[in-house]
Amino acid sequence: MRETVTVSELDLALVNALQLRPRASWTELAPLLGVTAGTLARRWERLTGEGLAWVYAAPGREFSRTRCTAFVLLRCAPGSRGAIAERLCAFEEAVTIELTGPGSADLLLDVLAPDLPALTRFLTERLETLPGLVSVDCLFATSLSVEGSRWRLRSLAPDQLTALGAPGSGARDASPTVELDTVDRALLDALVRDGRLGLAALAEHADSSPATVRRRLRRLDDSGILTLRCDMAAALAGRPVPVSLLGRAPARDTAAVHRTFAALPECRLVAGVTGRANIFATLWVHDLGDIQRRETALCARLPTLTVTDRIVGLHTVKRMGHLLDEDGRRVGLRAIRPW
């Protein structure tokens with residue numbers, strides 16, 4: 001078993017800063033956090049070494065427009081959920097795997113694929129053939145308004161947030177579709193493992209130059225294909241309770257529903273989906289009682305929204321390819337390649 005690690009206010013501030021500026025140098029962050037660059041480097045090495053925090057590349061908002069995202073609810077035969085989850089961890093397409101509380105699903109998957117045929121092959125040839133699987137309910141994402149990189153730890157003071165400025169990642173509606181070449185794919189492959197790799201290391205990995213790497217990173221970021229996240233173990237995040245809400249609203253009101261969810265500090269994800277529900281949202285709330293309080297407040301503000309299901313996460317065993325233990329610490333990696 002791991003020893004308990006005491007996390008300081010500086011650790012929390014550092015992680016929050018890296019949520020906003022994932023590739024900022026220690027020299028840039030040191031004055032804002034009131035310590036030396038060497039201190040930040042040592043703190044980050046300790047946090048990553050203990051699996052408490054990590055920076056990595058993930059698909060951005062534009063991924064759902066040009067490629068395929070699905071949320072898959074699985075029902076498992078009694079006693080088979082753990083074995084199914086373990087087998088799913090080896091599948092690149094199942095980028096996130098969550099064990100859920102009693103209800104409509106035993107497992108909730110985030111599935112990413114480059115196109116619909118690839119997603120179909122995963123569902124029919126790999127997923128549905130697993131022993132112990134009782135049912136599969138697939139919700140295809142039609143839009144993605146918020147993804148996981150938007151969630152914030154909120155450990156920094158207002159003046160520190162102002163100094164850091166707004167994060168630069170995120171899709172822009174006017175950006176053209178980006179065709180990825182071998183350099184782009186090599187960069188993505190390296191960044192899903194370590195989003196803070198330096199330009200020289202990335203250039204060597206991609207057989208390119210640091211200047212080219214800098215331009216490509218900006219293009220991938222501006223297009224919304226790529227986003228960089230700083231993620232953390234549950235202890236650093238305050239041990240939130242993940243809850244995914246499925247909801248239904250008239251088509252004319254879905255934009256307003258997405259905006260309302262997106263404005264919530266606890267909102268982790270908002271997507272339009274196919275199926276009986278057309279809204280899928282994930283919140284990280286303080287406790288189980290907060291689920292009903294939040295739902296009541298949302299429905300009061302959105303009278304045409306009907307919440308049709310509430311899926312409580314018990315344990316995330318894999319998040320964007322990173323394998324997590326029962327404390328939410330990173331213990332391994334199954335690198336994703338959905339692009």
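The model is predicted: local features need pLDDT of at least 70, side-chain atom pairs count only at pLDDT 80 or more, and totals for chains, interfaces and linings use all residues. Residues are numbered from 1 along each chain as its sequence is written, and side-chain values use heavy atoms, with hydrogens and water left out.

Confidence is given as pLDDT, the predictor's confidence in each residue, from 0 to 100. The chain has a mean pLDDT of 92. A value of 70 or more is reached by 95% of its residues. Helices (H or I, at least four residues) and strands (E, at least two) are DSSP runs, numbered from the N terminus. Confidence is highest in β3, at a mean of 98, and lowest in α4, at 82. Over residues 168-174, pLDDT stays under 50. The model has 13 contacts for residues 168-174 beyond four places in sequence. Contact means heavy atoms within 4.5 Å.

Three helices were examined for burial. Buried means under 20% relative accessible area, exposed over 50%, and partly exposed in between, with a 1.4 Å probe and protein chains only. Helix α8 (182-191) is mostly covered, with seven of its 10 residues buried. These are Val183, Asp184, Ala186, Leu187, Leu188, Ala190 and Leu191. The buried residues of α8 pack against β1 (53-59), α9, α10 and β6.

Helix α9 spans residues 199-206, and its buried residues are Leu202, Ala203 and Ala206. Seen down the axis of α9, they fall within an arc of 100°, so they line one face of the helix. The arc is that of the directions from the helix axis to the C-beta atoms. The face turned away from the buried side of α9 carries the exposed residues Ala200 and Glu204. On the buried side, α9 packs against α8 and α10 (210-223). Asp207 follows α9 and has a positive phi, near 55°.

In helix α11 (residues 254-262), the buried residues are Val257, His258, Thr260 and Phe261. They cover an arc of only 165° around the axis, which puts them on the same side of α11. Their cover includes β5 (133-146), β7, β8, β9 and α12 (288-301).

Most residues other than glycine have a negative phi. Arg154 is not a glycine, yet its phi is positive, at about 60°. Arg154 lies in the loop between β5 and α7 (158-164). It counts as exposed, at 55% relative accessibility. Met320 also has a positive phi, near 50°, and is a residue other than glycine. Its place is the loop between β10 and β11 (322-324). Met320 counts as buried, at 9% relative accessibility.

His286 sits in the loop between β9 and α12. At 67% relative accessibility, His286 counts as exposed. Neighbours within four places in sequence aside, His286 is in contact with Arg239 and Val241. Its C-alpha atom is separated by 31 Å from that of Phe91, a residue 195 places away along the chain.

A search of the whole structure finds two cavities of 30 Å³ or more. On a 1 Å grid over the protein atoms alone, a cavity is a set of points where a 1.4 Å probe fits but cannot get out; lining residues have an atom within 4 Å of a point. Grid points are joined across faces, edges and corners, and a volume is the space filled by probe spheres set on the points.

The largest cavity holds about 420 Å³ of space. It is lined by 25 residues, of which Thr96, Asp110, Arg268, Leu269 and Met320 are the closest to its centre. Among the elements that give two or more residues to this lining are α4 (63-66), β2 (68-76), β3 (94-100) and β4 (107-113). The lining divides into 11 nonpolar, eight polar and six charged residues. Here Ala, Val, Leu, Ile, Met, Phe, Trp, Tyr, Cys and Pro count as nonpolar, Asp, Glu, Lys and Arg as charged, and the others, Gly among them, as polar.

The second largest cavity holds about 60 Å³. Its lining residues include Gln19, Trp151, Arg152, Asp231 and Arg268. Strand β6 (residues 226-232) gives the most to this lining, with four residues. Three of the lining residues are nonpolar, three polar and four charged.

How values were computed. 1 Å grid on protein atoms, 1.4 Å probe; cavity = no way out; pocket = protein on both sides within 12 Å on 5 of 7 lines; lining within 4 Å.
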